[in-house]
Amino acid sequence: MTDIRGDAAADPRRRPTIHDVARLAGVSTSTVSRVLDPRVPPSRSPAAARVRSAADSLGYTPHSIAASLRRQGTETIGVLVPRLTDTVMAITYEEVARACQARGYFAMVATTGDRPESERAAADSLLRRRVDGLVLSTARTGDPFLAELRERGTPHALVLRTDGHSPSSLGDDELGGYLAARHLLDLGHRDVACVAGPAHTSSAAGRRAGYLRALAERGITPRPEWVIGSEFSMEAGEEAARALLDGDARPTAVFAVNDNTAVGVMSTALRRGLDVPGDLSIVGYNDIPLADRLPLPLTTMRVPFRDIAADAVDLLLSPPGEGEESVRVRPPTLIPRASTAPPRGPAD
């Protein structure tokens, strides 16, 4: 019968290695590193308990742990974002970097242009530089690259977006879309359009679903032409606004699933001589610093970026185990400002 403890048990003179501990505990070497890293808060998962038991059984000493960390770890985390010109992504990276620093790690950023082929190339480049793991804000629905990372055992966590499988930290986008639309409905609007963002992101899909749920509760079926896919940009908001305002019927309110697109909608409406919010109420999403500094401050959903980023880093550095929470969700908060008001009546 083969001794599962391996070479370390067969030759007691040999110093046990991280591979011996991983083999005996039935986990990956990266899991052993994270469980036995004194800089990481201790995990109480069954996998972590097996690692500690295996280390004790083999006599895996603190000295050998430190040597393994020096050989295998760089105390650097790779962070992938679509672009740093996007305020949301710049804030996300800064908060991830802050959370990494608090844990003794350095964050290294790479941009992908929100293109799958660039995401793969950027991740591979960071991994060749021996980062200890990846935090990705670039997840796309059905992205095969994330499945590859899981199959390869590459430590990673998703932030702001999710694919439904990898460890993920995000806002409650469905709730946020619901609250944004409910705000407009509670003001008395029934003709509410949605600039819905890119379909390949879970964040946009969740916000759109929340908008539709709020309308359905009031018995309102939105016009198909009033739910417009877009990118997360001011230019996309301007384009969507032109389509909405040039149609046969004009909505009295617009929920844009991103502040940048909301600013684009507002810009187009004001250039056309419409009164905001008298003729058109507008709600955005994220509460970027620009939102309350506009000449007409923007009603929006505030996202707790710092908490979401800290959760993503925690998920990355915590060892996986049975029963552990792999998706963490933080609620957004409605911030009413001057861009929303009740619709004008016939006599207004």
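**Entry 1: β4 and β5**

I looked up strand β4 (residues 156-159) and strand β5 (residues 168-171) and found that they pair in the parallel sense over 2 bridges. Pairing here requires that DSSP find at least two bridges between two strands. Within this pair, L158 stands opposite S168 in β5. Strands are DSSP runs of E with at least two residues, helices are runs of H or I with at least four, and both are numbered from the N terminus.

I note that the model is predicted, that local features need pLDDT of at least 70 and side-chain atom pairs pLDDT 80 or more, while totals for chains, interfaces and linings use all residues. Residues are numbered from 1 along each chain as its sequence is written, and side-chain values use heavy atoms, with hydrogens and water left out.

**Entry 2: the six-stranded sheet**

I then followed the sheet that holds β4 and β5. It is an open sheet of 6 strands in the order β2-β1-β3-β4-β5-β11, with parallel pairing. β2 (106-111) and β11 (327-330) are the edge strands, each pairing on one side only. On average, neighbouring strands of this sheet are turned by 20 degrees against each other, direction ignored. For angles, axes are lines fitted to C-alpha atoms, for helices over the stretch in contact, and the values run from 0 to 180 degrees between N-to-C directions.

I checked which helices cover this sheet. Helix α8 (residues 144-152) lies across β3 (133-136) and β4, and runs at about 150 degrees to β4. α13 also packs on the sheet, where it touches β1 (76-81), β3, β4, β5 and β11. The direction of α13 makes about 165 degrees with that of β4. Contact means heavy atoms within 4.5 Å.

**Entry 3: α6 against α13**

The axes of α6 (residues 87-102) and α13 (residues 305-317) come within 8 Å and cross at roughly 55 degrees. The two helices are therefore oblique to each other; angles under 35 degrees count as roughly parallel, over 145 as roughly antiparallel, 65 to 115 as roughly perpendicular and the rest as oblique. The crossing of α6 past α13 is right-handed, the term for a near helix turned clockwise from the far one by less than a right angle.

On the α6 side the contact is made by V88, I91, T92, E95, V96, R98, A99 and C100. On the α13 side I listed F305, R306, A309, A310 and V313. These contact residues divide into 9 nonpolar, 1 polar and 3 charged. The classes put Ala, Val, Leu, Ile, Met, Phe, Trp, Tyr, Cys and Pro as nonpolar, Asp, Glu, Lys and Arg as charged, and the others, Gly among them, as polar.

**Entry 4: the four-stranded sheet**

I found an open sheet of 4 strands in the order β7-β6-β8-β9, paired in parallel. β7 (227-229) and β9 (281-283) stand at the edges with a single partner strand each, so one side of each is left without a neighbour in the sheet. Neighbouring strands are turned by 15 degrees against each other on average, direction ignored.

I went through the pairs. β6 joins β8 by 4 bridges, with A193 opposite V254 in β8. β6 joins β7 by 3 bridges, and the partner of C194 in β7 is V227. Strand β8 (residues 253-256) is joined to β9 by 3 bridges, and V254 has I282 as its bridge partner in β9. For β6, 6 of its 6 residues are buried, buried being under 20% relative accessible area (1.4 Å probe, protein chains only).

Helix α10 (residues 202-217) lies across β6 (192-197), β7 and β8, at about 165 degrees to β6. Helix α12 (residues 259-271) packs on the sheet and touches β6, β8 and β9, and its direction makes about 165 degrees with that of β9.

I looked up N286, which lies in the loop between β9 and β10 (300-302). N286 counts as buried, at 3% relative accessibility. Leaving aside neighbours within four places in sequence, its contacts include V88, R207, N258 and F305.

R337 lies in the segment after β12 (333-335) and is buried at 17% relative accessible area. Beyond its neighbours within four places, R337 contacts residues including D287, D292, T300 and R302.

**Entry 5: whole chain**

The chain has 13 helices and 12 strands, and buried residues make up 53% of its 348 residues. Among contacts between residues at least 6 apart in sequence, 73% join residues at least 24 apart.

Key
Buried means under 20% relative accessible area, exposed over 50%, partly exposed in between (1.4 Å probe, protein chains only).
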